Amino acid sequence: MTLAFSPPKPPYASYSGVGKLMPSDYWTYFRAMQRNPLEIWGEHHFSIRLAPFRFLGRSSLILNDPAAIHHCFVANAANFTMNPLRQAVLRPFLRDGLLTAEGDIWKTARKAVSPVFTPRKVNGFAPQIRAVCDSAAERLAGQAGATISVSDLMVDLTLDVLMETLFSGDEALDKARFTRGICDLLEISGIPHPFDLMHLPGWIPRVGQGKSRQVIADLRDQVGAVASARRAAPSPEQAGRTPDFLDLLLGAGLDDTAVIDNLLTFLAAGHETTARSLAWTLYLLSRDTQSRERVEAEIDAADLDGREAAGWTSQLPFTEAVLKESLRLYPSAPMLARTSQEWDLVVGLPVPAGTDVLVSTWLLHRQRDIWQHPDEFRPDRFLGDAAAAIPRDAYLPFGLGPRVCIGARFAMMEMVIVMACLLRHLRFDFAGERDPVPVMRITLQPDTPMPMRLSAR
Ligand code: HEM
């Protein structure tokens with residue numbers, strides 16, 4: 001039997017992180033939150049089921065137990081609203097977009113936006129995604145022999161996919177300016193501000209706030225201008241083109257503000273997450289060449305040109321399993337955070353109102369009691385009987401309950417298409433001096449650019 005690949009992880013924290021954090025632990029905790037929040041976890045957190053702790057007078061409960069998670073996120077979801085720290089980071093930009101809206105506004109928005117994500121509508125985007133990926137593969141084939149940053153490649157490619165599916169590459173949008181704005185914003189808001197960590201009120205000014213306000217206002221203006229121009233333009237049917245997300249949102253009856261909030265939300269929620277998952281997947285395959293050969297053989301044997309790209313997933317089960325295993329090891333949305341509104345009993349544990357309830361999918365997906373060989377890359381666990389045996393609510397890359405990712409189907413389809421289009425012609429070999437370690441910056445980013453040598457297949 002060959003040994004499975006076990007990718008490197010950040011170091012474990014040395015403090016207990018359970019019960020009341022000691023003042024001496026505060027510095028360790030703050031530093032980890034600024035440098036890499038994955039470093040707040042000690043080794044014991046990977047086998048613990050429930051970990052209550054207090055920090056600066058605030059109670060938190062880490063849920064690493066599927067039954068407890070189900071209670072808070074599904075059965076009694078109404079009692080657990082979005083966590084204030086999460087909202088402090090995301091809401092200034094996304095406002096009442098689906099990811100950050102609450103209460104009745106969220107309910108109305110989810111109902112209005114759901115028809116945009118039906119399987120038929122999502123499948124309708126496959127040809128656009130394939131066209132972007134085919135042209136990227138062609139361009140990359142011309143660079144065979146070069147070493148490129150796969151991290152940057154995936155950020156660019158997935159942004160191209162979103163630009164095409166959100167706006168059909170609308171000429172009213174200055175893509176370079178828009179992309180610069182998105183990158184600036186991610187850099188500014190990727191790390192939680194210490195004042196937010198201390199739950200200080202929002203009216204206290206934060207360093208960098210002025211710059212991020214400016215970037216946000218500019219991005220909103222740009223998207224607003226495209227949306228107004230589109231309202232006045234001929235409909236997709238009249239123009240004889242495939243509807244994009246912008247057409248679908250306008251058709252769903254949303255007003256301009258809601259259209260802007262949600263387009264920016266799809267960008268924020270769908271870009272980095274997909275880009276990072278794809279980059280980690282190529283890295284894992286470059287380190288496990290047996291799995292890579294299986295993926296290549298599967299892609300070579302499939303009749304890709306004879307089928308719509310929307311149907312490729314059913315032809316490529318091992319490729320899909322590789323993507324799922326990559327999302328288990330590197331969940332690109334690594335934290336689900338809520339706050340309880342009223343006292344509750346969570347699998348026998350009393351939870352007072354105002355408790356922050358946290359699911360770290362980084363921990364859950366490597367929970368020692370749930371997963372065999374939790375730190376190893378073993379895509380077969382997502383095939384056949386092994387996949388059926390995965391406990392409910394133990395694998396949550398797209399969240400769960402009423403706030404489950406609305407773009408999950410789109411993301412999985414997109415990632416399969418990217419893999420198929422690239423790996424049918426190209427091979428990526430890791431060429432870094434050391435392996436990348438994940439760093440949490442809202443998503444899970446690699447701490448190196450992931451250099452890989454490109455070759456033609
Ligand atoms: C690999 C890619 C992706 C991952 C891992 C991912 C993960 C997630 C997770 C975990 C949530 C739940 C957050 C929570 O409960 O706090 C979520 C929500 C959401 N995602 Fe995704 N996502 C991905 C791609 C996408 C794409 C491509 C889109 C849109 C085009 C999208 C749009 C959204 C939206 C709008 C929500 C909020 C849903 C609501 O609250 O009603 N996501 N995503």
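Me: Which residues of the largest nonpolar core touch the most other members, and what makes it a core?
Reply: Leu263, Val416 and Ile417 touch the most other members among its 117 residues. A nonpolar core here is a set of buried Ala, Val, Leu, Ile, Met, Phe, Trp, Tyr and Cys residues joined through C-beta atoms within 7 Å. Helix H20 (residues 408-423) gives this core its largest share, 13 residues. Helices are DSSP runs of H or I with at least four residues, strands are runs of E with at least two, and both are numbered from the N terminus. Please keep in mind that this is a predicted model, in which local features need pLDDT of at least 70, side-chain atom pairs count only at pLDDT 80 or more, and totals for chains, interfaces and linings use all residues. Residues are numbered from 1 along each chain as its sequence is written.

Me: What does isoleucine 417 contact, leaving aside its neighbours within four places in sequence?
Reply: Isoleucine 417 is in contact with Ala126, Ile129, Arg130, Cys133, Ala309 and Trp312. Two residues are in contact if their C-beta atoms, placed from the backbone, lie within 7 Å.

Me: How do you know which residues surround the ligand, and which are the closest?
Reply: A residue is near a molecule or strand if its C-beta atom, placed from the backbone, lies within 6 Å of it. There are 22 residues around the ligand, and the closest are Gly270, Thr273, Gly399, Cys405 and Gly407. Helix H13 (256-270), helix H14 (272-287) and H20 each supply at least two residues of this shell, and H13 gives the most, with four.

Me: How do the residues of that shell divide by type?
Reply: Twelve are nonpolar, eight polar and two charged. Ala, Val, Leu, Ile, Met, Phe, Trp, Tyr, Cys and Pro count as nonpolar, Asp, Glu, Lys and Arg as charged, and the others, Gly among them, as polar.

Me: Why is H14 called largely enclosed?
Reply: Because 15 of the 16 residues of H14 are buried, the helix is largely enclosed by the rest of the structure. A residue is buried if 20 or more other C-beta atoms lie within 10 Å of its own, exposed if 12 or fewer, and partly exposed in between, with C-beta atoms placed from the backbone. For the chain of 457 residues, 41% count as buried.

Me: How does the span of H14 compare with what is expected?
Reply: H14 reaches 23 Å from its first C-alpha to its last, close to the 22 Å expected at 1.5 Å a residue. The expected span is 1.5 Å times one less than the number of residues.

Me: What makes the chain as compact as a globular protein of that length?
Reply: The chain has 20 helices and 13 strands. Its radius of gyration is 22 Å, close to the 23 Å that the globule rule gives for 457 residues, so the chain is as compact as a globular protein of that length. The radius is taken over C-alpha atoms, and the rule is 2.2 Å times the number of residues to the power 0.38. Along the principal axes, the C-alpha atoms fill a box of roughly 60 × 60 × 40 Å.

Me: Is valine 437 buried, partly exposed or exposed, and how do you know?
Reply: Valine 437 has 16 C-beta neighbours inside 10 Å, so it counts as partly exposed. Valine 437 lies in the loop between strand S10 (426-430) and strand S11 (438-441). Not counting residues up to four places away, valine 437 touches Pro8, Lys9, Pro10 and Asp447.

Me: How do you know whether valine 359 is buried or exposed?
Reply: With 25 other C-beta atoms within 10 Å, valine 359 is buried. Valine 359 belongs to strand S9 (residues 356-360) and touches Leu63, Ile69, Leu336, Leu364 and Leu396, not counting residues up to four places away in sequence.

Me: What makes the phi of isoleucine 442 worth a look?
Reply: Most residues other than glycine have a negative phi. The phi of isoleucine 442 is near 70°, a positive value in a residue other than glycine. Isoleucine 442 is in the loop between S11 and strand S12 (443-446), and with 21 C-beta neighbours inside 10 Å it counts as buried.

Me: What is the phi of methionine 450?
Reply: Methionine 450 has a positive phi of about 55° although it is not a glycine. Methionine 450 is in the loop between S12 and strand S13 (451-456), and it is buried, with 25 other C-beta atoms within 10 Å.
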